[in-house]
Amino acid sequence: MKLYNTLTREKQEFEPQDGKTVRMYVCGPTVYDHLHIGNLRPILVFGTLRQYMERFKGWDVIYVQNITDVDDKLIARAQEAGTSVAAIAAEYTDAYFGLLDRLGVVPPTHSPRATDHIAGMIKLVQQLIETGYAYEQGGDVYFRVRAFNEYGKLSGRSVDELRSGARIAASEKKEDPLDFTLWKAAKPGEPKWDSPWGEGRPGWHTECVVLSRHYLGDTLDIHAGGNDLIFPHHENEIAQAEALTGKTFARFWLHNGMLTVNGEKMAKSTGNFAYAYEVLGRFDPETVRYFYLSRHYRKPLDYSESALAEAEKAGDRIRTLISEVEAELRGAGDEAPGHAGTAFIASLTAFKDRYLAAMDDDLNTVDALAVIQELVAAANRFRATATGADRLALRAAVNLVRDLGKPLGLFQPRGAASTGLTDELMELLIELRAKLREDKEFALADRIRDRLTELGIALKDTAHGTIWTREES
Ligand SMILES: [Zn+2]
């Protein structure tokens with residue numbers, strides 16, 4: 001599999017360093033507010049990468065995504081709301097996990113909260129002071145950027161270039177404008193922890209280094225996040241980690257592109273903005289996923305209601321095939337398909353190969369979705385002409401769509417409801433309705449159909465008998 005590595009600026013062949021377990025860290029949310037639609041992108045994209053690796057590459061993935069639960073924004077929000085930072089963090093951490101659940105995101109292997117690892121952060125800062133990479137000034141601790149001579153390697157900028165644009169704020173006591181905060185002295189009323197430099201709290205850049213090393217060791221296989229984090233956040237993570245260990249901090253750096261809204265930068269102040277939960281109130285989670293995966297993760301993504309409506313239509317084409325074929329073949333036998341059916345099944349391999357090639361090419365979900373659409377189109381063409389036992393071959397197409405959709409979080413069976421007893425009861429109702437119509441008891445037959453509609457179940461009379469589908473709510 002090839003992945004584009006921001007560090008080397010090229011697509012490189014990826015393999016986990018030990019050949020079997022991918023150690024992956026994705027910068028997580030700062031829980032001071034609900035997630036907005038831009039925050040969803042890394043969650044969906046890198047979650048898909050993880051699931052693809054687990055399902056189709058045969059690797060285990062340890063997936064760590066932090067929760068930043070102490071930070072300037074949280075403090076400001078708590079002061080505004082007249083409550084504690086812990087209360088704000090608890091509220092929005094719950095909201096975050098609720099959102100992952102609604103979106104069908106597999107939860108990270110570990111979701112460490114920054115405040116559970118303060119001791120580790122103090123230790124890291126101490127080690128950096130001892131080795132000359134950091135210094136204390138009046139209760140604050142700064143990283144000495146000029147002591148780390150590879151600074152700028154991720155963002156591709158030189159220290160001189162960076163320095164020319166940097167200024168030291170009046171409140172700061174830095175040696176150099178590029179030096180960044182590792183530890184911040186607490187102001188009155190702020191959350192604080194005891195440290196060798198007095199009461200204070202860790203900086204954000206330190207948090208991710210400590211949390212990733214705690215769960216994944218000195219060298220990560222993949223470190224990922226939005227491309228707005230390349231500088232300074234990820235550059236500063238590299239400086240601390242590599243100054244400390246002398247080893248490569250992350251072998252691959254993956255960055256997703258930013259989201260625009262109706263062609264413009266997303267901004268709360270202008271109202272050109274949407275929370276993730278608002279979108280999920282208007283569109284099905286599958287539609288939201290389809291939309292995010294229908295553009296390559298490194299490109300900018302433009303959010304609009306019409307783009308989501310298109311994603312909905314595209315997804316419906318696929319779901320319709322699945323539900324109709326499953327409804328038609330429910331309870332059908334398993335005799336061998338004839339020549340045409342066998343040939344159709346054999347033709348499916350090519351779709352899977354093309355899907356794998358797309359996903360292996362820097363997670364090209366755009367092409368992967370196009371392949372699934374083509375597979376569905378081929379299945380629909382086959383369906384239009386196939387008869388008898390040949391139609392059973394459609395099961396293989398549906399199974400393949402589900403299999404390929406799995407890492408994308410798309411086209412999976414909903415819940416466990418449509419199994420066993422439900423199937424049998426539905427067959428009984430369909431049989432009864434057919435009998436009533438035969439006996440010209442149309443009012444009663446219609447009543448069965450209407451009551452089912454009210455329950456969200458649609459009956460469709462086709463050339464191959466009556467099928468039922470559950471309306472997606
Ligand atoms: Zn981070």
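The C-alpha centres of domain 2 and domain 3 lie 27 Å apart in this predicted model. The contact between them draws on 6 residues from domain 2 and 6 residues from domain 3.

**Domains and their contact**
- The domain assignment divides the chain into domain 1 (2–256), domain 2 (315–408) and domain 3 (420–470).
- On the side of domain 2 that touches domain 3, the residues by class are 1 nonpolar, 2 polar and 3 charged.

**The chain as a whole**
- Taken along the principal axes, the C-alpha atoms of the chain fill a box of roughly 90 × 50 × 40 Å.
- Its secondary structure amounts to 15 helices and 15 strands.
- The chain has 473 residues, and 38% of them count as buried.
- If you look at contacts between residues at least 6 apart in sequence, 72% of these join residues at least 24 apart.

**Helix α12, a helix with a buried face**
- Helix α12 covers residues 365–385, 21 residues in total.
- From its first C-alpha to its last, α12 reaches 31 Å, close to the 30 Å expected at 1.5 Å a residue.
- Its buried residues are T365, A368, L369, V371, I372, L375, V376, A379 and F382.
- Seen down the axis of α12, these buried residues fall within an arc of 155 degrees, so they line one face of the helix.
- The other side of α12 has exposed residues: A377, R381, A384 and T385.
- What do the buried residues of α12 pack against? Their partners are α1 (37–56), α9 (285–293), α10 (305–329), α11 (339–360) and α13 (394–405).

**L455, a residue in a loop**
- L455 sits in the loop that runs between α15 (442–454) and β14 (457–462).
- Is L455 buried or exposed? L455 has 10 other C-beta atoms within 10 Å, and a residue counts as exposed at 12 or fewer, so L455 is exposed.
- For a sense of distance, take L455 and R295, which are 160 residues apart along the chain. Their C-alpha atoms are separated by 36 Å.

Terms used: Residues numbered from 1 in each chain as written. Predicted model: local features only at pLDDT ≥ 70, side-chain atom pairs only at ≥ 80, totals over all residues. Helix = DSSP H or I, 4+ residues; strand = E, 2+ residues; numbered from the N terminus. Expected span 1.5 Å × (residues − 1). Buried ≥ 20, exposed ≤ 12 C-beta atoms within 10 Å, placed from the backbone. Arc of directions from axis to C-beta. Contact = placed C-beta atoms within 7 Å. Domains from an automatic or database assignment. Nonpolar A, V, L, I, M, F, W, Y, C, P; charged D, E, K, R; others polar.
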